[in-house]
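Subject: Structure handover

Hello,

Here is the structure you are taking over. Please look through it first, then read the notes below.

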Amino acid sequence: MIRDQIKQLINIPEAQITRVENGRFGDYSTNIALKSAKVQGGNPLEAAEEIKGKILSAGSDLIEKVEVAGPGFINIFISPKFLRYQVKEIMILGEKYGFVDSGKGKKIQIEFISANPTGPLTLGNGRGGFLGDVLANVLARANWKVEREYYVNDSGEQVRKLGKTLTGEEIFYKGDYIEDLRKRIETKDFQQAGEKAAGIVLSEMIKPTIHGQMKIDFDNWFSEKSLYESGEVEQAIDLLNKKGFVCEKENAWWFKSSELGDEKDRVLIKADGQKTYLASDIAYLKNKFDRGFDRLVMIWGADHHGYINRIKAAAKALGYDENKIDFIIVQLARLIEDGKEVKMSKRAGVYVTLDELIEEVGADVARFFFLTRSPETHLNFDLKLAKEQSEKNPVYYIQYAFARISSILKKAVLAPMGTEVDLSVLNHSSELALIKYLIRLPEMVEDSARDLQVQRLTQYSLDLVRSFHKFYEDCRVISEDEKLSQARLELVQATKTVLKNTLDILGIGAPEKM
RNA sequence: GCCCCCGUAGCUCAAUGGAUAGAGCAGGACCCUUCUAAGGUCAAGAUGUAGGUUCGAUUCCUACCGGGGGCACCA
């Protein structure tokens, strides 16, 4: 990676090399002189000049020039020669271009969606769902061994409520699917009815939406019920008890989580003998750690944020490192209709399902829509507007570039295999600018795997494609000039590779024709 | 009352403490006898308010004003 190569030239481990957006200040920049002057005293400009000298004396062909600017920035310009060489590199690596090794083969699990099997998936599930899927793709490219897991809450109160809704004892859920389930389930036992219905909802509603519409493949569907059947819930409570974190109060059994950073203690076993959701969740947490993951990612809706301290407390109580857990809280989506907010409620039957959304705008647009937004922002969702705007969506802008590329390559007569194409004729500013975007992919993967911010990748895909469109406008690829044509075709081919790899990470289709 | 998140252009969103705050949509002016005009070029347009830390703040801290969510022997 280029950042690492520059870092080696500077030879200061703590130096941060950042990519510069504005070409005037070079391609990469470091503020190490400003930082070190702050710590050690002295003039940052002098320190910067010293480092500049160090870089230049290394004589690397990576460097075009180095400038000291402003209060003490060191700006580094990459040489065209090096950029052209990167095109070759992309051609050689192909679909492997953009893989990095920051994960070092360690095991990570991402648990996401995990919606209760009591009804269809809705908007909010889309947000966490696409995020989790893309995160998994990114981490896999950063050499993490990734598992995608869906936790199925097929036990507990919500299943009983579903059962009661079906037997007519009490109405908790509404919607056409409830009528449908009622016809198919004969039993008057609400427990049985609930379990049977949950199974149907999972296999006939949730899974088809996830596989068929969202294009997500989970490695595991983990059943909450199985934790009860295997005795793991009991064992987890026993273990907590042995460690002294359980006490009895008012006929219920409590987890003394307040001793471990939670605001208050939490019930594990209710006075009526029922175990709470937290009890099985602690067993689930233990199960995850025991499976040997080096890192756990949990993607939850904002309504679960208060749960973080409980799970951290449980991790501590059981003797696990709570810092191995990354909680990602995605804010809820608000449904807007005719300019006004409509409160979504599964119980009242007011919601937009993911199936509806994807049918209206398509899977690619739906994905991109959610992925461009950082998880912590509150998003407004207007289905009507989404429908209108899907015609003019950024996804089409991106896919159009891919189609253009494919069209050029189809038309071109490529030099025979093994012919050495001379890229030194690539000198146009649009050509070099495009290469600068191509070589960012490995950085994007490394950064996103580190901070789990995947909206960066959608932004990148737009920047990359904009740069290509500009190149297309400025530089005719297939022309009389045979040498130039071949060089540009190579650049177009490299662009296709990088764009395809980027779209693969995002899970968005790359059409040859539009 | 306490805790978490958000407030950026008319609208929807970006921006590891950096330099001139970026896009798309909507609106304005241009560019097709040329590899896909679902494209390109130009102009216009924004950090809720008040302080603080810093060489430097959309970003960190404090207060305030708006909006969302959470504070169960629910999940």
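A residue is near a molecule or strand if its C-beta atom, placed from the backbone, lies within 6 Å of it. For classes, Ala, Val, Leu, Ile, Met, Phe, Trp, Tyr, Cys and Pro count as nonpolar, Asp, Glu, Lys and Arg as charged, and the others, Gly among them, as polar. With these terms, the surface near RNA strand B has 26 nonpolar, 28 polar and 16 charged residues.

This is a predicted model, in which local features need pLDDT of at least 70 and side-chain atom pairs count only at pLDDT 80 or more, while totals for chains, interfaces and linings use all residues. Residues are numbered from 1 along each chain as its sequence is written, and chains are lettered from A and ligands numbered from 1 in the order in which they are written.

The RNA surface

There are 70 residues around RNA strand B, and Glu-250, Gly-306, Tyr-400, Ala-403 and Ser-407 come nearest. Elements here are DSSP runs numbered from the N terminus: helices (H or I, at least four residues) and strands (E, at least two). Those giving two or more residues to this surface include α2 (32-40), β4 (73-78) and α19. Helix α16 gives the largest share, nine residues.

Two helices

Helix α16 (residues 394-411) packs against helix α19 (residues 455-474) at an angle of about 50°, with the axes 10 Å apart. Axes are lines fitted to C-alpha atoms, for helices over the stretch in contact, and angles run from 0 to 180 degrees between N-to-C directions. The angle makes α16 oblique to α19; angles under 35 degrees count as roughly parallel, over 145 as roughly antiparallel, 65 to 115 as roughly perpendicular and the rest as oblique. The residues of this contact (C-beta atoms, placed from the backbone, within 7 Å) divide into eight nonpolar, two polar and one charged.

Two sheets

Strands pair if DSSP finds at least two bridges between them. One open sheet has five strands in the order β7-β6-β5-β11-β12, with parallel pairing. Its edge strands, β7 (220-223) and β12 (325-330), each pair on one side only. Within it, β5 (residues 107-111) and β11 (residues 295-301) are joined by four bridges, and Gln-109 has Leu-296 as its bridge partner in β11.

The other open sheet has four strands, ordered β1-β2-β4-β3, with antiparallel pairing. Six bridges join β3 to β4, and Ile-63 stands opposite Ile-78 in β4. Helix α3 (residues 44-57) packs on this sheet and touches β3 and β4.

Regards

How values were computed: Contact = placed C-beta atoms within 7 Å.
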